[in-house]
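This briefing sets out selected features of the structure shown below.

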Amino acid sequence: MSQLETDVRDPLTRMIRGLPTVLTSDRQATLALWSAKTLMVAYRAPQFGPRPRPEVILPADPERLYRDRRLGPTMLMALAHYQPTSYAREPFSIQTFERMEHDTGQYSYCATLKIGHFVAQLVRLPDGTYPPTRQPPPHLILLRPGGSSVRWPPPAPVHAGAEWKAFAHLPERTGT
């Protein structure tokens, strides 16, 4: 895991500052693993308060991450670019953990990590819905380790305020 911290330092430092960078396949894998690890640690940390149940991060997830160096089969990682307001003082780092019920009775889970301008969003999709077939919205870059290089930041940022709240907090149910 210490090698993961070393490998992520250069691209993450640029992204936190909002500077453009190219994410090669290897960097995509590194950022996905580091972001997932960081969210998994934050999810288990008691000082961050209660978490939605059933769990967003299952007990097997950190084990799989450590053992296989991969996300779980129904998990995906996406990146966004956070655009802060120019007039308000904002926290440098934020984590959110959300659960959304679908009309089918299944649930999606979303864990979001914001550090400076860097945003990572870990999504657990209901069984049978992975991989997503739709094109991601313009404010997201879907990480596909093993795929081609991508440029960060994405074409559209996620702005502070109401736009951020809609991005980081899932509705409790679909259709609401």
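The side chains of Ser108 and His102 are joined by a polar contact of 2.4 Å; a polar contact is a pair of N or O atoms within 3.5 Å, where within protein one must be able to donate a hydrogen and the other to accept it, and residues adjacent in sequence count only if both atoms are side-chain atoms. This is a predicted model, in which local features need pLDDT of at least 70 and side-chain atom pairs count only at pLDDT 80 or more, while totals for chains, interfaces and linings use all residues. Residues are numbered from 1 along each chain as its sequence is written, and side-chain values use heavy atoms, with hydrogens and water left out.

- Ser108 is found in strand S4; helices (H or I, at least four residues) and strands (E, at least two) are DSSP runs, numbered from the N terminus.
- With a relative accessible area of 7%, Ser108 is buried (buried means under 20% relative accessible area, exposed over 50%, and partly exposed in between, with a 1.4 Å probe and protein chains only).
- Apart from neighbours within four places in sequence, Ser108 is in contact with residues including Glu98, Arg99, Arg124 and Leu170, contact meaning heavy atoms within 4.5 Å.

**Salt bridges**

- Five salt bridges are present in the structure, each defined as a side-chain nitrogen of Lys or Arg within 4 Å of a carboxyl oxygen of Asp or Glu.
- Asp61 forms one with Arg124, and their closest N and O atoms are 2.1 Å apart.
- Because Asp61 lies in helix H3 and Arg124 in strand S5, this pair ties together parts that are 63 residues apart in sequence.
- Asp61 also pairs with Arg64, the closest N and O atoms being 3.4 Å apart; these two residues are three apart in helix H3, so about one helical turn separates them.
- Through shared partners, Asp61, Arg64 and Arg124 are joined into one network.
- Both Asp61, at 4% relative accessible area, and Arg124, at 10%, are buried.
- Among the residues that Arg124 touches, leaving out those up to four places away in sequence, are Val56, Ile57, Thr74 and Tyr107.
- Glu5 forms a salt bridge with Lys37, with 2.6 Å between the closest N and O atoms; the pair links helix H1 to helix H2 across 32 residues.
- Glu5 is partly exposed at 33% relative accessible area, whereas Lys37 counts as buried at 18%.

**Nonpolar cores**

- The largest nonpolar core has 33 residues, and those with the most contacts inside it include Leu31, Trp34, Leu79 and Phe118; such a core is a set of buried Ala, Val, Leu, Ile, Met, Phe, Trp, Tyr and Cys residues joined through side-chain atoms within 4.5 Å.
- H1 (2–16), H2 (25–44), S2 (75–83), S4 (107–115) and S5 (118–124) each supply at least two residues of this core, and H2 gives the most, with nine.
- A second, separate core of 15 residues includes Leu76, Ala78, Ala160 and Trp164.

**Backbone features**

- The peptide bond from Trp152 to Pro153 is cis, with omega near 10°, and Pro153 lies in the loop between strand S7 (150–152) and strand S8 (158–159).
- Arg69, a residue other than glycine, has a positive phi near 55°.
- Arg69 is found in the loop between helix H3 (60–68) and S2, and is partly exposed at 42% relative accessibility.
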